[in-house]
Amino acid sequence: MKKFLKTAAAALTVAGVLSAGATGMAAPAKPSKMFINGVYQEDMLIVNDRTMVQLRAFNDPKSFIYSYETATKTIIINNPVKKMTVLLKNGLKTAEVNGKDVKLDAPVTVKAGRTYIPVRFVTETLGGKVDYDSSAKYIIVRTPTGDEQFNTLKSGDLAKARALAIKLTRINNGKEIEPYGEGFSTTYTFPKGEALRYFISYKGLETYVEINAKGIAEIKWQKDTLGKNGQAGEEPKPFGESVTFTDNFMADMLTYGSVDSTGKYTELGVINRYTDKQYANVVIMPIDGEVRTDAK
């Protein structure tokens with residue numbers, strides 16, 4: 001194998017997450033939105049009436065290793081789990097999989113230095129899964145690791161599910177209000193025992209989010225508590241017993257606690273990430289004695 005160009009290899013590094021759905025399903029030609037592991041993909045192409053997605057959107061280090069051979073201009077995908085090697089070249093309507101040609105729905109396309117491949121090839125050959133939300137016209141794709149995360153989100157460990165929930169792209173199907181107040185803290189509030197719905201408080205803006213059965217985070221309600229922009233959506237009922245996690249990213253502090261049915265707050269812990277380096281980027285902590293109640 002020729003010497004790999006490091007910068008090109010880095011550009012192809014996949015950021016992937018795929019999940020559950022009908023593996024052999026062909027994607028609709030013109031979806032309104034595409035999500036990979038719950039993350040909205042702003043950049044995709046339609047080629048020959050087929051949906052194409054960036055190769056680097058599939059970042060799954062446990063399943064895929066990407067590189068680029070400059071001499072032959074070949075994109076190389078190694079899947080050590082499936083013992084598979086895939087070779088792709090710009091403009092070709094075939095991919096070489098373990099030495100055998102596999103037909104593609106549309107040719108591999110390189111545009112502005114980015115490589116696009118058909119969604120169907122990803123799901124049928126690379127081991128991903130795809131689902132389609134016919135009402136919202138969403139294509140939902142997950143990598144093998146993304147599928148594991150999806151299952152955790154639905155019914156796994158409560159703290160891990162909450163951590164995954166707040167990282168999903170939040171979609172608003174109507175008006176979205178932008179925060180304009182001051183502050184450096186974001187507070188996430190979950191009902192006691194639940195991971196699939198939560199409030200976010202940030203710079204005077206209250207936002208209510210629900211995660212649907214497909215793993216998409218939907219903004220259901222927002223309110224500008226400073227009064228300038230009003231509210232959008234239907235205000236949900238109060239959670240009652242709940243837990244909160246406040247991330248002060250300027251001070252690099254995390255504070256978390258519980259709220260009882262009367263609204264009384266009890267602080268459960270404070271973490272200084274400057275001194276407790278193991279909590280770098282951690283926002284959600286497990287709460288002693290809390291049991292998950294919303295597993296699907």
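Visitor: Which residues of helix α4 are buried, and what makes a residue buried?

Guide: In α4 (residues 158-165), the buried residues are Leu158, Ala159, Ala161, Arg162 and Ala165. Buried means under 20% relative accessible area; exposed is over 50%, partly exposed in between (1.4 Å probe, protein chains only). Helices (H or I, at least four residues) and strands (E, at least two) are DSSP runs, numbered from the N terminus. This is a predicted model: local features need pLDDT of at least 70, side-chain atom pairs count only at pLDDT 80 or more, and totals for chains, interfaces and linings use all residues. Residues are numbered from 1 along each chain as its sequence is written, and side-chain values use heavy atoms, with hydrogens and water left out.

Visitor: Why is the pair of glutamate 290 and arginine 162 called a salt bridge?

Guide: A salt bridge needs a side-chain nitrogen of Lys or Arg within 4 Å of a carboxyl oxygen of Asp or Glu. Here the N to O distance is 2.7 Å, so the pair meets the definition. Glutamate 290 lies in the segment after β22 (265-272) and arginine 162 in α4, so the pair ties together parts 128 residues apart in sequence. Glutamate 290 and arginine 162 are both buried.

Visitor: Lysine 214 and aspartate 131 also form a salt bridge. How is the exposure of lysine 214 classed, and that of aspartate 131?

Guide: Their closest N and O atoms are 3.0 Å apart. Lysine 214 has 24% relative accessibility, so it counts as partly exposed. Aspartate 131 has 18%, so it is buried.

Visitor: What makes β2 and β12 edge strands?

Guide: The open sheet of four strands runs β2-β1-β13-β12, with mixed pairing. β2 (39-40) and β12 (129-133) each have a single partner strand, so one side of each is left without a neighbour in the sheet. Two strands pair if DSSP finds at least two bridges between them. β12 and β13 have five, in the antiparallel sense.

Visitor: What makes a set of residues a nonpolar core?

Guide: The members are buried Ala, Val, Leu, Ile, Met, Phe, Trp, Tyr and Cys residues joined through side-chain atoms within 4.5 Å. The largest such core has 25 residues; Ile77, Val86, Leu88 and Phe121 have the most contacts inside it. A second, separate core of 23 residues includes Ile166 and Leu254.
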